[in-house]
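Please read the following points with the coordinates open beside you. They begin with the charged pairs and then turn to the sheet, the backbone and the confidence scores.

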Amino acid sequence: EPAARGHTRLVAEPEPARGPVKPPPGALKVADLKGKAAREAKAGAGPLAARAIINVGDRVSTDPGSKMMLGDGTGNTVFLGEMSKLTLGQPRSDATTPAITPFVFTDAEGDVYVDFRKVKAVELVLGSTRIQTSGGSFRVKTLPVRHVAVASGSVLLLVAGQAPKRLSPGD
């Protein structure tokens with residue numbers, strides 16, 4: 001209705017949507033964060049907050065007692081336990097099969113759980129060891145020793161100088 005003569009009518013701007021935000025292709029979003037986490041990027045380093053976008057080349061880390069979940073907006077997630085680190089790699093240069101691997105993770109440390117069942121392939125690179133899956137999920141712990149556990153689907157473990165090994169849940 002029109003404002004009375006001599007009075008200004010105030011109209012509130014609509015609130016921005018607060019629903020899930022899908023990150024751009026090749027990037028991830030901080031979907032959940034308990035405690036403190038940080039990012040190292042080309043543009044600099046600093047603390048992370050929920051909903052922050054993680055781009056190719058960014059290295060993320062969690063503090064003691066902290067946990068973080070990253071997602072691609074379609075249900076694929078990677079979890080970092082406390083005192084863990086991970087770099088979002090460049091598929092063109094870091095993946096074994098870049099044509100079918102939209103996400104590759106490099107230099108994982110600590111406790112990392114990868115659940116990317118909705119992409120053709122995902123790969124985690126630990127030095128000369130590569131862990132690949134298509135439709136599966138797995139957990140990697142690097143301390144006190146490296147350990148890979150398959151949660152679902154199957155995982156291909158590639159260690160330089162050794163024959164590829166297929167792992168299934170329970171292996």
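1. Six salt bridges are counted in this predicted model, where a salt bridge is a side-chain nitrogen of Lys or Arg within 4 Å of a carboxyl oxygen of Asp or Glu. Local features need a pLDDT of at least 70 and side-chain atom pairs count only at pLDDT 80 or more, whereas totals for chains, interfaces and linings use all residues. Residues are numbered from 1 along each chain as its sequence is written, and side-chain values use heavy atoms, with hydrogens and water left out.

2. One of these salt bridges joins glutamate 123 and arginine 130, with the closest N and O atoms 2.6 Å apart. Is glutamate 123 buried or exposed? Its relative accessibility is 1%, so glutamate 123 counts as buried, whereas arginine 130, with a relative accessible area of 25%, is partly exposed; buried means under 20% relative accessible area, exposed over 50%, and partly exposed in between, with a 1.4 Å probe and protein chains only.

3. Arginine 139 forms a salt bridge with aspartate 111, and the closest N and O atoms of this pair are 2.6 Å apart. The pair links distant parts of the chain, since arginine 139 belongs to strand β13 and aspartate 111 to strand β10 (residues 111-115), 28 residues apart. Arginine 139 is partly exposed, at 35% relative accessibility.

4. Lysine 34 and aspartate 32 form another salt bridge, in which the closest N and O atoms are 3.2 Å apart. Lysine 34 is partly exposed with a relative accessible area of 49%, and aspartate 32 is partly exposed with 32%.

5. Nine strands form an open sheet of mixed pairing, in the order β3-β2-β5-β8-β9-β11-β12-β15-β16. Because β3 (44-47) and β16 (165-167) stand at the edges with a single partner strand each, one side of each is left without a neighbour in the sheet. The twist averages 20° from one strand to the next, with axes taken as lines fitted to C-alpha atoms, for helices over the stretch in contact, and angles running from 0 to 180 degrees between N-to-C directions. Helices (H or I, at least four residues) and strands (E, at least two) are DSSP runs numbered from the N terminus, and two strands pair if DSSP finds at least two bridges between them.

6. Within this sheet, strand β11 (residues 122-126) pairs with strand β12 (residues 129-133) in the antiparallel sense over five bridges. Leucine 124 stands opposite isoleucine 131 in β12.

7. Some backbone details deserve a look. Leucine 143 and proline 144 are joined by a cis peptide bond with omega about 0°, and proline 144 lies in the loop between β13 (137-141) and β14 (147-152). Arginine 51, in the loop between β3 and β4 (53-54), has a positive phi near 80° although it is a residue other than glycine; arginine 51 is partly exposed, at 41% relative accessibility. Methionine 83, likewise not a glycine, has a positive phi of about 55° and lies in the loop between β7 (77-80) and β8 (85-88).

8. On confidence, the chain averages a pLDDT of 88, and 88% of the residues score at least 70; pLDDT is the predictor's confidence in each residue, from 0 to 100. Over residues 8-17 the pLDDT is below 50, and beyond near neighbours in sequence this stretch has three contacts in the model, a contact meaning heavy atoms within 4.5 Å.
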